[in-house]
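Could you take a look at this model with me? Here it is, together with its sequence.

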Amino acid sequence: MGQRRTVSIPIILVLGVIGYMYYTTIFIFIENWLGGLNTSHGILNGVAFTITTIICIVTYWIAICKDPGGVPSNFMPDVEDSQTPIQEIKRKGGDLRYCQKCSCYKPPRAHHCRVCKRCVLRMDHHCIWINNCVGHANYKIFFVFVLYAVIACIHSLILLVGCVLDDAENDGQLEAGSSRIHFIISGVLIVPLGTALSILLGWHVYLILQNKTTIEYHEGVRATWLAEKVGNVYRHPYDLGPYQNLTTVRIFIHAFRLFDITCGLSVCKFHSFDILRIYLPAFTPLAQSHNAEFIVSGAEGAI
């Protein structure tokens, strides 16, 4: 596997947008509407937006650099191991899932990324904006980045709207060639960007509550169709219930604790209880299952 390039054009574009939004928010919106950083309201908003921006940059860079979680080269499924009482099999043939490109067996919920040219644990998707896969080890930090990016967009948009309304009330006393062009550019950037990020945030909240990945959602659509054809009901096998699903990722517990912002999920240990809770189907309780069980990859849970 070749060395992955950390920096790409989309990443430079994202950092450029973050820098521009920070400049316009601090030095134009706050300056023109709240009197700049010489007033208490200006200082409060400036400090709050600066902290949010720093968190966005830090979490974004960690999501870029952090390994999403690769399959250990020595991984070998053991159907006799009581600590891993679940294996996924192919729909056709019933064999254990094996990646021909990586020449290794796939653990449950692992998928091969054609861009990264490797198998990724609990792969959600490959994101061009971080030039990396979103998987088991960096999913939490990716979610936290999106969360704070939405907060930053909302904050900046509020300041933009307030600044525009204040300018209108003052009969447009701002210089037409300076601040107003930034109003237009910022509006064109913030509104669609904030909308897209909010939709993305809502989508991943839904996935977390269902204990699904984006790949598993699309697989589930097909599995539901296949199950209905034969009169069965599809149930996502890894859904433990909303609360338990949240605790497996621990996103909402730590998302607002600065000490934990830089802490993504650790590299997968196949024999730890927390990892088993993520990879173990809900209909196979760990306390009761000591024999190997099998589910069909891509159509599991049809009962």
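First, the ground rules. This is a predicted model in which local features need pLDDT of at least 70 and side-chain atom pairs count only at pLDDT 80 or more, while totals for chains, interfaces and linings use all residues. Residues are numbered from 1 along each chain as its sequence is written, and side-chain values use heavy atoms, with hydrogens and water left out.

The largest pocket holds about 570 Å³ of space. Its lining has 24 residues, and Val14, Phe145, Ala149, Leu193 and Leu197 are the closest to its centre. The elements that each give two or more residues to this lining are α1 (9–34), α2 (40–65), α3 (139–169) and α4 (179–210). By type, the lining comprises 23 nonpolar residues, 1 polar and no charged. On terms: a pocket is an open set of points on a 1 Å grid over the protein atoms alone, where a 1.4 Å probe fits and protein lies on both sides within 12 Å along at least five of seven lines; lining residues have an atom within 4 Å of a point. Helices (H or I, at least four residues) and strands (E, at least two) are DSSP runs, numbered from the N terminus.

**Asn138.** This residue sits in the loop between β7 (132–134) and α3. Its side chain has a polar atom 2.9 Å from the backbone oxygen of Cys133, and it also reaches the backbone nitrogen of Gly135 at 2.8 Å. Polar contacts here are pairs of N or O atoms within 3.5 Å, one able to donate a hydrogen and the other to accept it.

**Backbone angles.** Most residues other than glycine have a negative phi. Lys117, not a glycine, has a positive phi of about 60°, and lies in the loop between β4 (111–113) and β5 (118–120). Asn131, not a glycine either, has a positive phi of about 50°; its loop runs between β6 (125–127) and β7.

**Burial.** Buried means under 20% relative accessible area, exposed over 50%, and partly exposed in between (1.4 Å probe, protein chains only).

| Residue | Relative accessible area | Class |
|---|---|---|
| Asn138 | 0% | buried |
| Cys99 | 4% | buried |
| Asn131 | 18% | buried |
| Cys102 | 27% | partly exposed |
| Lys117 | 60% | exposed |

Methods: Grid points are joined across faces, edges and corners, and a volume is the space filled by probe spheres set on the points. Ala, Val, Leu, Ile, Met, Phe, Trp, Tyr, Cys and Pro count as nonpolar, Asp, Glu, Lys and Arg as charged, and the others, Gly among them, as polar.
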